Amino acid sequence: PKALKLNVKMNLVKVDGDAKVATIESEVGELVRKGFDFLHVTPPMGASDFVKNSPLANAAGFVDVCKRTCQHTKYLDVYSLGDCSALPASKTYSAISSQSPAVVHN
């Protein structure tokens, strides 16, 4: 079996599927071409601009919530989950499905 190489904090710029080569941009802006057999890409994640620019957001631009309750740390009538929340979880449907019971409970 082949060892998998995880590349994080890089942006996918181009994919040449026929040649099986991906061009990625590193954190410092360097373009690197990498061959692949299998390519799994996750897009950059972040809250929408209207959230980032609102008083609900923390310094990173996500809705600032308690990780146990999903309740906003300042505005107690606000709850957030999923892509826009500052929860220490992936920004996926499966994460939302596990976060929603906390919101329902609270």
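**Figure 1. The largest nonpolar core of the predicted model has eight residues.** Its members are Ala-47, Val-51, Phe-62, Val-63, Val-65, Cys-70, Leu-87 and Ala-102. A nonpolar core is a set of buried Ala, Val, Leu, Ile, Met, Phe, Trp, Tyr and Cys residues joined through side-chain atoms within 4.5 Å; buried means under 20% relative accessible area, exposed over 50%, and partly exposed in between (1.4 Å probe, protein chains only). The model is predicted, with local features requiring pLDDT of at least 70 and side-chain atom pairs pLDDT 80 or more, whereas totals for chains, interfaces and linings use all residues. Residues are numbered from 1 along each chain as its sequence is written, and side-chain values use heavy atoms, without hydrogens and water.

Figure 2. Apart from neighbours within four places in sequence, Val-65 is in contact (heavy atoms within 4.5 Å) with Cys-70, Gln-71, His-72, Thr-73, Ser-80, Ser-85, Ala-86 and Leu-87.

**Figure 3. Cysteines without a disulfide.** The structure holds zero disulfides, a disulfide being a pair of cysteine sulfur atoms within 2.5 Å. The sulfur of Cys-70 lies 8.0 Å from the closest cysteine sulfur, in Cys-66, too far for a bond. For Cys-84, the closest cysteine sulfur is that of Cys-70, at 10 Å, also too far for a bond. Cys-70 is buried at 2% relative accessibility, while Cys-84 is partly exposed at 24%.

**Figure 4. A kink in helix H2.** The bend, about 30 degrees, lies at Gln-99, shortly before Pro-101; the angle is taken between axes fitted to the seven residues ending there and the seven starting there. Ala-95, Gln-99 and Ala-102 of H2 are buried.

Methods. Helix = DSSP H or I, 4+ residues; strand = E, 2+ residues; numbered from the N terminus.
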